Structure formats: C-alpha cells, structure tokens
Amino acid sequence: MSNTVLELIDVTKRYASFTLDHVSFHADEGRIIGFIGRNGAGKTTTMKAIYGLIEIDEGSIILDGKSVKKDEQDIKNDIGLLFGGIDYYPNQKVKTLTSVTKSFYSNWDEALYRKWLKYFELDEEKRIKELSNGMKVKYGLAVALSHGAKLLILDEPTSGLDPVSRDEVLDCFMKIAKMKGTTIIFSTHVISDLEKCADDIVYIQKGKIVKAATAEEFKSGYLKVEGEVNSLTSSLKDKIGHYREHGNKFAGTIPAEYKNDFASYDVTEASLEDIMLFIERGVEDEESPF
C-alpha cells in the first residue's frame with residue numbers, strides 16, 4: 001500500500017471574486033496526479049497554498065506528517081516548485097543561478113545535482129536565455145530534485161514545448177516518479193499529456209473538487225458515443241453531453257450508466273478531454289451567439 005505524502009483537508013481561501021471552497025484530496029508516494037479544470041478554477045491557488053505562498057483561511061495541508069502552516073521552512077525543503085520554465089535572470093549563467101538557489105536548501109546534494117545535469121545534458125556554462133524551453137523545464141527539475149524534494153508541484157510545465165520536447169519531459173516525470181518515488185502534482189491544459197502519464201486525476205471546478213480518483217476510475221464513469229443523427233431519438237439525445245453533429249453523424253459523451261441505452265451505437269472509452277468537455281459544458285451545450 002502506498003504512503004500518503006500530501007493531504008489537503010477542507011482547504012479554503014476566500015477572495016473578493018473567488019473562493020477555494022473546502023478542497024480535499026490526497027497524493028500518494030510515487031504517483032503522478034493530473035490536476036485539471038478550466039482557467040480560473042483554482043488550480044494555481046491550490047498549488048500556491050500547498051507551497052505556502054498564500055495563507056489559507058480554513059483547513060489544513062499536511063506533507064509527510066508536517067503542517068505547511070506550522071513547519072513552513074522544513075516543508076519547503078521537501079517541495080520542488082516549477083511554474084512553467086525558468087525565465088528569471090535570463091542573462092545569468094546556469095551555474096550562477098544554481099549557486100544562489102542551492103543556498104536556500106539545507107539538504108542540497110551537489111553530487112546528485114551533477115548527476116541530473118549529466119542526465120538532462122545541461123551545460124551550466126550557458127545563460128538562461130540560451131536554453132530552449134524544454135531545457136528550462138529540465139533545469140527546473142534538476143534543481144527541484146537535488147534538494148530531496150518528496151513532492152514536485154508543476155504548473156503548466158510543458159506549455160509552449162514542441163511535441164518531441166513534451167514527450168521527453170513526460171518520460172522524465174514517469175521515471176522520476178517510478179525510480180525515485182517522488183510524488184508529482186501536474187497541472188496542464190494539454191490533456192493528452194495526462195493521458196500518457198497520470199496515475200490519478202483531481203478535477204476542480206469553480207473552486208470545488210468535482211472528483212479525485214485514479215485515472216482508470218475517473219475515466220470509467222464516462223463513455224464516448226457516435227452514430228447516425230437520423231437514428232437518434234430526442235430522449236437519447238438529451239442524455240448526451242457535448243453533443244456535436246458533422247454531416248449525418250453525431251458524437252458526444254455519456255455517463256457510463258447510460259451504456260445499455262446506446263447499445264446499437266458505437267460506444268468507446270472517453271478521453272480525459274471528452275470528459276472535461278462533458279463536465280464543463282454538460283448536456284445543455286452553450287449556444288452560439290450567432
């Protein structure tokens with residue numbers, strides 16, 4: 001049985017126009033958690049709360065048995081935080097930025113850092129601005145993994161990367177989780193990335209957790225259905241979310257409980273993107289203004 005590394009219990013943060021509302025979920029050792037939802041749903045706010053960048057109004061956040069609020073300094077030694085790539089101090093060399101960064105961590109492992117530089121094929125004589133977007137992400141990972149981080153918080157780390165670089169970075173995530181037992185919370189709008197690597201899914205909508213489950217369990221609740229428009233009754237159409245027509249064909253997503261109702265249609269596994277569109281747009285799709 002996996003050890004729980006991180007636990008959020010009824011975490012609440014109130015702003016004038018938004019509330020992170022009693023958010024609860026946990027993350028186990030060596031698991032990759034896909035954290036998804038629309039822009040403004042509360043993903044970044046939650047991640048900032050975990051790292052202690054914002055003070056929560058209610059609830060608790062526990063990392064490896066320690067309270068983020070009470071043991072902030074120790075906690076930050078155990079968390080690697082990466083919001084996209086490394087874009088600050090673009091004219092500084094990698095080695096200069098590292099020499100400053102490592103001074104903040106009491107458990108910095110220089111030998112391990114050297115191993116990550118070699119593994120990621122990073123040249124520390126290069127300036128930050130000379131690194132590709134993919135290399136900036138890998139540098140961020142090298143730093144995070146060199147101070148014994150038990151948890152990596154990655155907010156849109158693959159944004160702007162080409163498909164090959166994204167695939168390389170995803171491979172790194174999976175190897176880190178499997179070989180090092182590092183827990184990764186991975187927020188992205190590139191949902192296909194999560195199809196490749198996520199063990200668990202946490203879905204947040206308007207500041208509330210819709211569902212937190214294994215990726216397999218999360219996806220098992222929905223199905224994709226396709227068929228001919230003229231064979232579809234109005235009662236069946238009403239059960240389809242994110243319904244779309246193209247010519248005489250239709251496609252949409254249904255809750256798995258309706259599977260038998262669509263036995264005569266082409267029913268297949270729904271993707272995470274299909275499910276996200278179903279949750280956000282539901283059975284009453286938004287009407288076009290024109």
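Axes are lines fitted to C-alpha atoms, for helices over the stretch in contact, and angles run from 0 to 180 degrees between N-to-C directions. This is a predicted model, in which local features need pLDDT of at least 70, side-chain atom pairs count only at pLDDT 80 or more, and totals for chains, interfaces and linings use all residues. Residues are numbered from 1 along each chain as its sequence is written, and side-chain values use heavy atoms, with hydrogens and water left out. Helices (H or I, at least four residues) and strands (E, at least two) are DSSP runs, numbered from the N terminus.

- An open sheet with mixed pairing is built from 6 strands in the order 6-7-8-3-9-10; two strands pair if DSSP finds at least two bridges between them.
- Strand 6 (79-83) and strand 10 (208-214) are its edge strands, each pairing on one side only.
- On average, neighbouring strands of this sheet are turned by 15° against each other, direction ignored.
- Strand 3 (residues 32-36) and strand 8 (residues 183-187) run parallel and are joined by 4 bridges, with Ile 33 standing opposite Ile 185 in strand 8.
- Strand 9 and strand 10 run antiparallel, joined by 6 bridges, and Asp 200 stands opposite Thr 214 in strand 10.
- The hairpin of strand 9 and strand 10 has 2 residues between the strands, and Lys 206 takes a positive phi near 50° in this hairpin.
- Helix 1 (residues 43-51) lies across strand 3, strand 6, strand 7 (151-155), strand 8 and strand 9 (200-205), and runs at about 150° to strand 7.

- Another open sheet has 4 strands in the order 2-1-4-5, and its pairing is antiparallel.
- Its edges are strand 2 (19-28) and strand 5 (66-67), each of which pairs on one side only.
- Strand 1 (residues 4-14) is joined to strand 4 by 5 bridges, and the two run antiparallel.
- Thr 12 stands opposite Glu 58 in strand 4.

**Helix 4 and helix 6**
- The axes of helix 4 (residues 110-120) and helix 6 (residues 163-180) come within 14 Å and cross at roughly 145°.
- The contact (heavy atoms within 4.5 Å) is made by Leu 112, Trp 116, Tyr 119 and Phe 120 of helix 4 with Cys 172, Lys 175, Ile 176 and Lys 180 of helix 6.
- By class, this contact of helix 4 with helix 6 has 6 nonpolar, no polar and 2 charged residues; Ala, Val, Leu, Ile, Met, Phe, Trp, Tyr, Cys and Pro count as nonpolar, Asp, Glu, Lys and Arg as charged, and the others, Gly among them, as polar.

**The second largest pocket**
- On a 1 Å grid over the protein atoms alone, a pocket is an open set of points where a 1.4 Å probe fits, with protein on both sides within 12 Å along at least five of seven lines; lining residues have an atom within 4 Å of a point.
- The second largest pocket has a volume of about 270 Å³, a volume being the space filled by probe spheres set on the points, which are joined across faces, edges and corners.
- Of its 14 lining residues, Ile 54, Glu 55, Ile 56, Val 68 and Lys 69 are the closest to the centre of the pocket.
- Strand 4 (residues 58-63) gives the largest share of this lining, 4 residues.
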